[in-house]
Each structure stands twice: as C-alpha cells, then as structure tokens.
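Q: Can you walk me through this structure? I have the sequence and the model open.

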Amino acid sequence: MEKLISRALGGDHRSIARLISLVESESPQAEHIMRRIYPHSGKAHIIGLTGSPGAGKSTLADKVIAAFKGLGKTIGVIAVDPSSPFTGGAILGDRLRMQQHAVDPDVFIRSMGTRGSLGGLSRSTQEAALILDACGKDVVIIETVGVGQSEIDIVKIADTVGLILVPGMGDDIQIMKAGIMEIADVFIVNKADRDGADRVSTEVNMMLDLLGMRPWRPPVLKTIAERGEGVAEVVSEIVRHHDFLDVSEEGRKRKWRRLGMEVEEILRREIASLVELAWEREKSPELFEFLAERKTNPYEVAERILGKILTGPGE
Amino acid sequence: MSERKVRVIVAKPGLDGHDRGAKVVARALRDAGMEVIYTGLRQTPEQIVQAAVQEDADAIGISILSGAHEYYFGRIIELLKERKASDILVFGGGVIPEEDVPKLQAMGAGAIFGPGTSTSVCIDWLKAAVRDKWAKENA
C-alpha cells in the first residue's frame, strides 16, 4: 500500500487510478489513503463545470483542458455521470468528447458514476479530486452530471464554479429561481450562435445586478464550445477568479467554509455508521409490533437508541 | 463498504463507423450493474489503453467490423504489457471469422463473441473472468 501511494504521488497513472478506485469503493484502506494523501493536497485549482444535460459541459471541458495545456499546466479531470438507480450500472460517456487528450501524459481523465448520490456528484468525487491534486495536477476540472435547479454539491468542492447555460432552456423566472444560479463564479452561455443567446446573457446580467455589490461580480461569457470560440476568455476569467480568491477576504472565508464542510462530512459519515449499527442491534419483531400497535412511537425509539450511542456501547 | 463495481471500457478502434453493436453491448453491461466507460469511434490502441489505465478498468471490450482485428487486438495487448497492465482483460466482438479466434486467444484475448451471441453469454463470461481477476489481486 505504501508503495502504491508513493508511486501515485510520483505521478504514476496506474497507481493514481487504483487509489481512486479504492477510495470510491469505500475499501477499508480508504481512510488510510486519504490521511496519507491529504498533506500533499491543497495546491491545485479546483474548477467545477456544471449545467443542464446537453448544455455542452464535456465539449467545453475538452477545450478548457487544451487551453490550460497551452498555459503549461498539468490537468486532472473527473467526469461524473448518473448511475442507474435500478441496476447500479452506468454508461460513462463524458470521456468520449475528451479522448483527444487520452494519450497526453499531462492529462488524467477519470469517469465516475454517481452511485446513488443526488447532488450532482458522487460521494467520492472530493476524495478523487484531492488525490489528483496531491499527485501533482495543477488544475482539477470536475464535470458534474447534467443538473436541474438544486444540485449544488459542486460548490462544496470547487474553488471556481462555471455554470453553463444554453439559449432556449427557460425564461427569466427560471434564472431567478434560487439554487443553481447562486453558486456560479463564471456564467457561460454556450451555443451562442443560437437564437436567444443575447437574451439569456442579458437576463443573467440583470439578475446579477439585482444581487447588488459583491466582492466578485461573476462575468457572463458567450461561447461556441464546439468551435472553441470564447474558450480563451472563459479560461482567463477562471484564472482571474482564482487570483481573486488568493488575495481576498472572500477567498479565505470560502476556504475555511470548505474545510469546515470537509470535517462535517467525515463526522456525518462516522455518526451515520454508528447510528446504523445501533439501530441494527435495536431492531426486533417485538419492536415493530409495538410500533404497529402504537404502544410506542418512532421518536421514543430514536431517543432510546441515541441514548445508548451517547453513553457508549456495551450495556 | 460499498461493493466494488466492474468497470469496462467499450471502444471502437479503427476507421469503420458502425457503433450500434458496441452501444448494444454497453447498454447490456450497464443493465448488468457494471460501469461502462464508452470511448466512442475511431480510437487508437494507445487511446484505448490509456483510458483503461486511468479508469482502472477491469476489462476492455472492443468491437471491430473492419477485418483489422489481428492488428488491433495484438497492439492493445502489447501496449497493456508495456504498461504492466496485462491483468486488464481484453474481449471483443464484431465480424471476426471463426478461424481467427484461436489466434486472437493465443495473443491473450479473453473471449471473442461472434455475431448473434446473446448479450447474457458475454455478461456471464465477463462476470466470471473479473471475479478471477479480483481473486488474484487479493491473493
């Protein structure tokens, strides 16, 4: 295991890939891996690309990879696609549009299935991003699943979030709805050769103006990702946002908030597994009979279990 | 611990542009609970092998209708050896004459499925082969 970790930290693709799999399948070694990896992470610029299905996330990601390559950067990509809720299987097809970079040793692309997560990412996306970061990638691009209005987990992980919109996907009330629009640092109106692109960008700009003065005013950019038009501006705004985070109070606040969320996430997992264990022990046919006959209620049962957890195991 | 998922690359090397078969297989593997990384048309052996390494795939499934199966299977298996990734299984299908199958298997191909094979035959083979691969990893 130590050999595998040090080879991965040295940049070996096979070892990096294996570490991600071990963490993704929640192997017993996962925690050890993350403890060893963590001190080496924290250097990469983590960029989230999100937007509705078919907005052009993969195509844009492909061009953004090329642009960062042009700046001499090494790049990690995590592309998340939905897993089937019925079979657990998945077709991971984002890579299809990025395959031109497959043989580039500076680019590492990994596809992940959501495996039951609902926030637009999978449970291990953050760990995978930390692994790529620790293993020497300057930039880590995370492409979320095609999202609707509230899949905003990406904001917990990314330094910079790019939201990709396309003309003809809804009116200004859609844009004003809470959620996804509030998390973006850079707005990208893709397929800008289509009718309505100007309207979308005007509406986004108006919405942003309504939010009033903020230390970072998200830019609204137009692209035709397929032809690479506008991509250079997108990358330069993403870089500018990163520079802004580096020097601003806002950047520090965000970083601390994210670190806090990392701790909370681990706490939540640990507590969830304690609760699950205690509940498994408590379950019995009698208990369910009691509940069904209303001789007790779920609140009392929960209180009793919680009491046992808090006073420690073994009674 | 959540269960480990079988991860399979489905790729279409070479210049022929017919990927219906590859898509049918990809879909069937997904429905069998596997994660299928679909790399699309006109892939070079280098692209396919690099994708398999980065994705930590258990197997590469290739579909060839062009008649160039000997070259592509040979090259992919050779590249896997170079990358010390020979544990990744290689299987395939398409239009491959039966008399060529032993040759491909001698090179290291795991299984070749001819036209008309039921997808369940392919799935059963793959599940068993991956089970053996994992057993070796854990040994």
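Predicted model: local features only at pLDDT ≥ 70, side-chain atom pairs only at ≥ 80, totals over all residues.

A: Residues are numbered from 1 along each chain as its sequence is written, and chains are lettered from A and ligands numbered from 1 in the order in which they are written.

Q: How many helices and strands are there in chain B?

A: Chain B has five helices and five strands. Both are DSSP runs numbered from the N terminus: helices are H or I with at least four residues, strands are E with at least two.

Q: And which pattern does chain B follow along the sequence?

A: The pattern reads β-α-β-α-β-α-β-α-β-α.

Q: What is the radius of gyration of chain B?

A: Chain B has 14 Å, which agrees with the value near 14 Å for a compact globule of 139 residues. The radius is taken over C-alpha atoms, and the globule rule is 2.2 Å times the number of residues to the power 0.38. Along the principal axes, the C-alpha atoms of chain B fill a box of roughly 45 × 30 × 25 Å.

Q: What share of chain B counts as buried?

A: Of its 139 residues, 44% are buried. Buried means that 20 or more other C-beta atoms lie within 10 Å of the residue's own; exposed means 12 or fewer, partly exposed is in between, and C-beta atoms are placed from the backbone.

Q: Is strand β4 of chain B enclosed or open, and why?

A: β4(B), residues 89–94, is largely enclosed by the rest of the structure, because six of its six residues are buried. B:L89, B:F91 and B:G93 point one way, and B:V90, B:G92 and B:G94 point the other way. In a regular strand the side chains alternate between the two faces of the sheet.

Q: Which strands are joined to β4(B)?

A: Strand β3 of chain B (residues 59–64) runs parallel to β4(B) and is joined to it by six bridges. Strand β5 of chain B (residues 111–113) is also parallel to β4(B), with three bridges. Strands pair if DSSP finds at least two bridges between them. B:F91 stands opposite B:G61, and B:F91 also stands opposite B:A111 in β5(B).

Q: What do β3(B), helix α3 and β4(B) make?

A: With helix α3 of chain B (residues 69–82), they make a right-handed β-α-β unit. Right-handed means that, with the strands pointing away from the viewer, the path from the first strand over the helix to the second runs clockwise. β4(B), helix α4 of chain B (residues 101–107) and β5(B) make a right-handed unit too.

Q: New topic. How many residues of chain B are in contact with chain A?

A: 27 residues of chain B are in contact with 29 residues of chain A, where contact means C-beta atoms, placed from the backbone, within 7 Å. β2(B) gives the most to that side of chain B, with seven residues. Strand β3 of chain A (residues 90–92) runs parallel to β2(B), joined by three bridges. One of the pairs is A:A90 with B:E35.

Conventions:
Contact = placed C-beta atoms within 7 Å.
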